[in-house]
Amino acid sequence: MTTILAIAGSARAKSLNQMLLRAAAEAAPAGTTVEHASIKDIPLYDGDSEAASGVPAVVEALKDRIAKADGVLLVTPEYNNSIPGTFKNAIDWTTRPPADIARVYGGKPIGVIGATPGPAGTGLAQVAWLPILRTLGTLPFFGARLMVSNAGKVFDEHGALTDVAVRAQVEKYMAAFARFVTRLAP
Ligand code: FNR
(Lines give C-alpha, C1' and ligand atoms only; values in the text may rest on other atoms or scores of the structure.)
Protein backbone atom coordinates (compact mmCIF):
# COMPACT_ATOMS: atom_id res chain seq x y z
CA MET A 1 0.00 0.00 0.00
CA THR A 2 1.32 3.43 -0.96
CA THR A 3 0.61 6.23 1.51
CA ILE A 4 0.35 9.88 0.52
CA LEU A 5 0.06 12.59 3.16
CA ALA A 6 -2.00 15.49 1.81
CA ILE A 7 -1.65 18.84 3.56
CA ALA A 8 -4.22 21.56 2.90
CA GLY A 9 -2.81 25.06 3.12
CA SER A 10 -5.99 26.63 4.46
CA ALA A 11 -7.62 25.94 7.80
CA ARG A 12 -10.96 27.64 7.21
CA ALA A 13 -14.09 25.53 7.49
CA LYS A 14 -15.25 26.09 3.90
CA SER A 15 -11.80 25.98 2.35
CA LEU A 16 -11.88 25.16 -1.35
CA ASN A 17 -8.45 23.59 -0.99
CA GLN A 18 -9.69 21.26 1.72
CA MET A 19 -12.54 20.31 -0.62
CA LEU A 20 -9.98 19.65 -3.35
CA LEU A 21 -7.91 17.58 -0.92
CA ARG A 22 -10.95 15.40 -0.16
CA ALA A 23 -11.71 15.01 -3.87
CA ALA A 24 -8.10 14.02 -4.53
CA ALA A 25 -8.21 11.46 -1.73
CA GLU A 26 -11.40 9.95 -3.16
CA ALA A 27 -9.87 9.84 -6.63
CA ALA A 28 -6.70 8.01 -5.53
CA PRO A 29 -6.28 4.72 -7.37
CA ALA A 30 -6.56 1.32 -5.69
CA GLY A 31 -3.48 0.54 -3.63
CA THR A 32 -2.99 4.16 -2.58
CA THR A 33 -4.19 5.69 0.68
CA VAL A 34 -4.38 9.46 1.11
CA GLU A 35 -4.16 10.73 4.70
CA HIS A 36 -5.19 14.28 5.59
CA ALA A 37 -3.10 16.78 7.55
CA SER A 38 -4.06 20.26 8.69
CA ILE A 39 -2.04 23.37 9.45
CA LYS A 40 -4.71 24.63 11.86
CA ASP A 41 -2.82 24.20 15.14
CA ILE A 42 0.66 25.15 13.96
CA PRO A 43 1.82 28.30 15.82
CA LEU A 44 3.68 31.18 14.20
CA TYR A 45 7.38 30.38 13.92
CA ASP A 46 9.35 32.21 16.60
CA GLY A 47 13.06 31.53 17.08
CA ASP A 48 12.92 32.62 20.72
CA SER A 49 10.21 30.10 21.55
CA GLU A 50 12.12 27.41 19.62
CA ALA A 51 15.29 28.21 21.62
CA ALA A 52 13.37 28.13 24.91
CA SER A 53 10.99 25.20 24.35
CA GLY A 54 12.12 23.40 21.19
CA VAL A 55 9.89 22.33 18.33
CA PRO A 56 6.20 22.16 19.39
CA ALA A 57 4.69 18.68 19.72
CA VAL A 58 2.13 19.45 16.97
CA VAL A 59 5.01 20.20 14.57
CA GLU A 60 6.97 17.08 15.57
CA ALA A 61 3.83 15.04 14.89
CA LEU A 62 3.49 16.57 11.41
CA LYS A 63 7.21 16.00 10.72
CA ASP A 64 6.82 12.33 11.67
CA ARG A 65 3.78 11.94 9.42
CA ILE A 66 5.68 13.49 6.48
CA ALA A 67 8.73 11.28 7.15
CA LYS A 68 6.56 8.15 7.31
CA ALA A 69 4.53 8.86 4.15
CA ASP A 70 5.70 7.54 0.78
CA GLY A 71 4.71 10.85 -0.79
CA VAL A 72 3.34 14.28 0.13
CA LEU A 73 0.68 16.33 -1.65
CA LEU A 74 0.58 20.07 -0.94
CA VAL A 75 -2.86 21.51 -1.67
CA THR A 76 -2.08 25.19 -1.88
CA PRO A 77 -4.23 28.30 -2.03
CA GLU A 78 -2.72 31.34 -3.74
CA TYR A 79 -2.39 34.66 -1.92
CA ASN A 80 -1.11 37.70 -3.80
CA ASN A 81 0.24 35.51 -6.56
CA SER A 82 2.29 33.41 -4.15
CA ILE A 83 2.20 30.96 -1.24
CA PRO A 84 -0.04 31.93 1.71
CA GLY A 85 2.21 32.90 4.61
CA THR A 86 0.24 30.63 6.90
CA PHE A 87 1.04 27.56 4.79
CA LYS A 88 4.70 28.48 4.38
CA ASN A 89 4.94 29.07 8.13
CA ALA A 90 3.71 25.53 8.80
CA ILE A 91 6.20 23.99 6.38
CA ASP A 92 9.00 26.22 7.73
CA TRP A 93 8.37 24.83 11.22
CA THR A 94 8.71 21.27 9.85
CA THR A 95 12.23 22.14 8.68
CA ARG A 96 13.42 22.72 12.25
CA PRO A 97 15.95 21.71 13.39
CA PRO A 98 17.79 21.66 10.04
CA ALA A 99 19.50 18.41 11.03
CA ASP A 100 16.09 16.70 10.61
CA ILE A 101 15.44 17.92 7.06
CA ALA A 102 17.04 14.92 5.36
CA ARG A 103 15.01 12.48 7.49
CA VAL A 104 11.73 14.33 6.90
CA TYR A 105 12.09 15.51 3.29
CA GLY A 106 15.13 13.92 1.68
CA GLY A 107 14.16 12.16 -1.58
CA LYS A 108 10.45 12.60 -0.77
CA PRO A 109 8.12 12.60 -3.80
CA ILE A 110 6.01 15.78 -3.53
CA GLY A 111 3.13 17.03 -5.66
CA VAL A 112 1.53 20.48 -5.56
CA ILE A 113 -2.06 21.20 -6.57
CA GLY A 114 -4.46 24.00 -5.71
CA ALA A 115 -7.86 25.62 -6.07
CA THR A 116 -8.99 29.24 -6.32
CA PRO A 117 -12.29 30.98 -7.03
CA GLY A 118 -10.28 33.10 -9.48
CA PRO A 119 -9.34 32.38 -13.08
CA ALA A 120 -5.64 31.48 -12.76
CA GLY A 121 -5.80 28.16 -10.88
CA THR A 122 -3.05 28.87 -8.26
CA GLY A 123 -0.39 28.49 -10.95
CA LEU A 124 1.83 31.18 -9.43
CA ALA A 125 1.54 29.74 -5.91
CA GLN A 126 2.44 26.30 -7.25
CA VAL A 127 5.53 27.68 -8.97
CA ALA A 128 6.47 29.59 -5.80
CA TRP A 129 6.76 26.25 -3.95
CA LEU A 130 9.49 25.00 -6.28
CA PRO A 131 12.53 26.70 -4.68
CA ILE A 132 11.41 25.38 -1.30
CA LEU A 133 11.00 21.83 -2.57
CA ARG A 134 14.46 22.09 -4.11
CA THR A 135 16.01 23.47 -0.93
CA LEU A 136 14.58 20.59 1.10
CA GLY A 137 15.98 17.92 -1.22
CA THR A 138 12.58 16.57 -2.27
CA LEU A 139 11.64 14.97 -5.57
CA PRO A 140 8.95 17.26 -7.03
CA PHE A 141 6.40 15.64 -9.33
CA PHE A 142 6.34 17.28 -12.75
CA GLY A 143 4.37 14.60 -14.62
CA ALA A 144 1.01 16.40 -14.47
CA ARG A 145 -0.51 19.67 -13.27
CA LEU A 146 -3.76 20.34 -11.47
CA MET A 147 -4.91 23.95 -11.23
CA VAL A 148 -8.56 24.33 -10.31
CA SER A 149 -9.94 27.72 -11.39
CA ASN A 150 -13.43 29.09 -10.63
CA ALA A 151 -13.47 26.62 -7.74
CA GLY A 152 -16.44 28.35 -6.13
CA LYS A 153 -18.54 26.72 -8.86
CA VAL A 154 -17.16 23.16 -8.97
CA PHE A 155 -18.07 21.96 -5.43
CA ASP A 156 -21.57 21.61 -4.01
CA GLU A 157 -22.77 23.00 -0.66
CA HIS A 158 -21.41 19.91 1.12
CA GLY A 159 -17.96 20.36 -0.43
CA ALA A 160 -18.31 17.46 -2.90
CA LEU A 161 -16.71 17.90 -6.31
CA THR A 162 -19.59 17.94 -8.78
CA ASP A 163 -17.91 19.26 -11.94
CA VAL A 164 -17.37 16.29 -14.23
CA ALA A 165 -14.48 17.80 -16.18
CA VAL A 166 -12.60 18.81 -13.04
CA ARG A 167 -13.23 15.37 -11.53
CA ALA A 168 -11.60 13.80 -14.58
CA GLN A 169 -8.59 16.13 -14.14
CA VAL A 170 -8.29 15.18 -10.47
CA GLU A 171 -8.46 11.46 -11.31
CA LYS A 172 -5.82 11.84 -14.03
CA TYR A 173 -3.50 13.78 -11.72
CA MET A 174 -3.89 11.32 -8.84
CA ALA A 175 -3.31 8.29 -11.07
CA ALA A 176 -0.06 9.80 -12.38
CA PHE A 177 1.11 11.07 -8.98
CA ALA A 178 0.36 7.77 -7.26
CA ARG A 179 2.36 5.94 -9.95
CA PHE A 180 5.28 8.31 -9.38
CA VAL A 181 5.16 7.86 -5.60
CA THR A 182 4.80 4.08 -5.80
CA ARG A 183 7.75 3.83 -8.17
CA LEU A 184 9.95 5.74 -5.72
CA ALA A 185 8.64 4.19 -2.49
CA PRO A 186 11.30 2.40 -0.43
C1 FNR B 1 -6.55 35.76 -2.08
N2 FNR B 1 -7.06 35.09 -3.18
C3 FNR B 1 -6.32 34.96 -4.33
N4 FNR B 1 -6.70 34.09 -5.35
C5 FNR B 1 -5.92 33.94 -6.45
O6 FNR B 1 -6.25 33.16 -7.34
N7 FNR B 1 -4.76 34.66 -6.59
C8 FNR B 1 -4.33 35.54 -5.64
O9 FNR B 1 -3.28 36.13 -5.80
C10 FNR B 1 -5.13 35.70 -4.47
N11 FNR B 1 -4.74 36.55 -3.46
C12 FNR B 1 -5.37 36.51 -2.24
C13 FNR B 1 -4.82 37.19 -1.16
C14 FNR B 1 -5.40 37.07 0.09
C15 FNR B 1 -4.77 37.75 1.27
C16 FNR B 1 -6.58 36.30 0.27
C17 FNR B 1 -7.21 36.16 1.64
C18 FNR B 1 -7.15 35.67 -0.81
C19 FNR B 1 -8.37 34.40 -3.08
C20 FNR B 1 -8.18 32.98 -2.63
O21 FNR B 1 -7.89 32.16 -3.75
C22 FNR B 1 -9.49 32.50 -1.96
O23 FNR B 1 -9.68 33.24 -0.77
C24 FNR B 1 -9.47 31.02 -1.69
O25 FNR B 1 -10.78 30.63 -1.37
C26 FNR B 1 -8.49 30.66 -0.58
O27 FNR B 1 -8.37 29.26 -0.44
P28 FNR B 1 -9.31 28.40 0.55
O29 FNR B 1 -9.27 29.05 1.92
O30 FNR B 1 -10.70 28.45 -0.01
O31 FNR B 1 -8.75 27.03 0.53
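# Notebook: aromatic pairs and their surroundings

I started with the rings and found six aromatic pairs in the structure. Rings of Phe, Tyr and Trp (its six-membered ring) pair if their centres lie within 6.5 Å; planes under 30 degrees apart are stacked, over 60 edge-to-face, and the rest tilted.

Before going on, I noted that this is a predicted model, where local features need pLDDT of at least 70, side-chain atom pairs count only at pLDDT 80 or more, and totals for chains, interfaces and linings use all residues. Residues are numbered from 1 along each chain as its sequence is written, and side-chain values use heavy atoms, with hydrogens and water left out.

**Entry 1: Tyr-45 and Trp-93**

I looked up the pair of Tyr-45 and Trp-93, which is edge-to-face, with 4.8 Å centre to centre and 70° between the planes. This pair links distant parts of the chain: Tyr-45 sits in the loop between strand E2 (32-38) and helix H2 (47-53), while Trp-93 belongs to helix H4 (residues 85-93), 48 residues apart. Helices (H or I, at least four residues) and strands (E, at least two) are DSSP runs, numbered from the N terminus.

**Entry 2: Phe-141 and Tyr-173**

Next came Phe-141 and Tyr-173, whose ring centres are 5.5 Å apart with planes at 80°, so I logged the pair as edge-to-face. Phe-141 lies in the loop between strand E5 (139-140) and strand E6 (147-148) and Tyr-173 in helix H8 (residues 164-184), so the pair ties together parts that are 32 residues apart in sequence. Both Phe-141 and Tyr-173 are buried.

**Entry 3: what covers H4**

Since Trp-93 is in H4, I went back to that helix. Which residues of H4 are buried? They are Phe-87, Asn-89, Ala-90, Ile-91 and Trp-93. Their cover includes strand E1 (2-8), H2, helix H3 (57-68), strand E3 (71-75) and helix H5 (101-105). Here, contact means heavy atoms within 4.5 Å.

I picked Thr-3 in strand E1, and found it buried, with a relative accessible area of 19%. Leaving out residues up to four places away in sequence, Thr-3 touches Thr-33, Glu-35, Ala-69, Asp-70 and Gly-71.

Ala-25 is placed in helix H1 (residues 16-27). With residues up to four places away in sequence not counted, Ala-25 touches Val-34 and His-36. I also took one C-alpha distance: Ala-25 and Val-148 are 123 residues apart along the chain and separated by 15 Å.

**Entry 4: backbone checks**

Most residues other than glycine have a negative phi, and most peptide bonds are trans. Which residues does the cis peptide bond join? I found Arg-96 and Pro-97 there, with omega about -15°. Pro-97 lies in the loop between H4 and H5.

Asn-81 is not a glycine, yet has a positive phi of about 65°. Asn-81 is in the loop between E3 and H4, and is partly exposed at 49% relative accessibility. Asn-150 also has a positive phi, near 50°. I placed Asn-150 in the loop between E6 and H8, where it is partly exposed at 39% relative accessibility.

**Entry 5: the whole chain**

Finally I stepped back and found eight helices and six strands in the chain. Along the sequence the pattern reads β-α-β-α-α-β-α-α-β-α-α-β-β-α. The radius of gyration is 16 Å, close to the 16 Å from the globule rule for 186 residues, so the chain is as compact as a globular protein of that length. That radius is taken over C-alpha atoms, and the rule is 2.2 Å times the number of residues to the power 0.38. The C-alpha atoms fill a box of roughly 50 × 35 × 25 Å along the principal axes.

Of the 186 residues, 48% count as buried. Among contacts between residues at least 6 apart in sequence, 81% join residues at least 24 apart.

Conventions. Buried < 20%, exposed > 50% of the residue type's maximum accessible area, 1.4 Å probe, protein only.
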